Amino acid sequence: QVQVVESGGGLVQAGGSLRLSCAASGRIPNIYTMGWYRQTPGNQRELVAVITRGGSTNYADSVKGRFTISRDNAKNTVYLQMNSLKPEDTAVYYCNVYVIPGPRDYWGQGTQVTVST
């Protein structure tokens, strides 16, 4: 059994900040990357940020300079610090866990982020 649980979403004013957390637990052999994706109704899920076990990061152009991804390997936890939030950041944010061997992907249930004007 594998559990991927996100937390930290909510409603925030434009220009504000939120920090998302995602914890993975269960029989996960080896986590290679953890990342955040987001999706709005009618649109494809898109990458927000990803981080490897070694700390290498990749961000969507739309969030560079505003969002920061980090992880605690010992706790199998990933964080997304979101600053200077914009209304267009409104989406359901999903945590992704990519593991080796397999490879396999695990997904959380999503957490809603709403940025108001």
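Before anything else, a word on terms: by a strand (E) I mean a DSSP run of at least two residues, numbered from the N terminus. I also remind myself that this is a predicted model.

**Entry 1: overall layout.** I started with the secondary structure. I found 11 strands and zero helices in the protein chain. Reading along the sequence, I wrote down β-β-β-β-β-β-β-β-β-β-β.

**Entry 2: dimensions.** I checked the radius of gyration next. The protein chain comes out at 14 Å, which agrees with the value near 13 Å that a compact globule of 117 residues would have. Along the principal axes, I get a box of roughly 45 × 25 × 20 Å for the C-alpha atoms.

**Entry 3: surface and charge.** I noted an accessible surface of about 6300 Å² for the protein chain, with 45% of that belonging to carbon and sulfur atoms. Of the 117 residues, 38% count as buried. I then looked at the charges: there are 11 positive and 7 negative ones, and their mean positions lie 7 Å apart.

**Entry 4: contacts along the chain.** In the protein chain, 53% of them join residues at least 24 apart.

**Entry 5: the core.** Which residues have the most contacts inside the largest nonpolar core? I listed Trp36, Leu80, Met82, Tyr93 and Val97, in a core of 30 residues. Several strands each supply at least two residues of this core, among them E3 (18–26), E4 (31–39), E5 (46–52) and E7 (67–72). The largest share, five residues, comes from E9. In soluble globular proteins, nonpolar side chains tend to be buried together.

**Entry 6: valine 97.** Leaving out residues up to four places away in sequence, valine 97 touches Val4, Ala24, Ile31, Thr33, Met34, Arg104, Asp105 and Tyr106.

**Entry 7: alanine 91.** I finished with a residue in strand E9, alanine 91. Is alanine 91 buried or exposed? Buried means under 20% relative accessible area, and alanine 91 has 3%, so I call it buried. Again leaving out residues up to four places away in sequence, I see alanine 91 touching Arg38, Gln39 and Thr40, and also Thr111, Gln112 and Val113. Tyrosine 37 is 54 residues from alanine 91 along the chain, and I noted 9.4 Å between their C-alpha atoms.

How values were computed. Residues numbered from 1 in each chain as written. Predicted model: local features only at pLDDT ≥ 70, side-chain atom pairs only at ≥ 80, totals over all residues. Heavy atoms only, no water. Helix = DSSP H or I, 4+ residues; strand = E, 2+ residues; numbered from the N terminus. Rg over C-alpha atoms; globule rule 2.2 N^0.38 Å. Buried < 20%, exposed > 50% of the residue type's maximum accessible area, 1.4 Å probe, protein only. Contact = heavy atoms within 4.5 Å. Areas by Shrake-Rupley, 256 points an atom, 1.4 Å probe, with all protein chains shown as cover. Lys, Arg positive; Asp, Glu negative; His and termini not counted. Charge placed at Lys NZ, Arg CZ, Asp CG, Glu CD. Core = buried A, V, L, I, M, F, W, Y, C linked by side-chain atoms within 4.5 Å.
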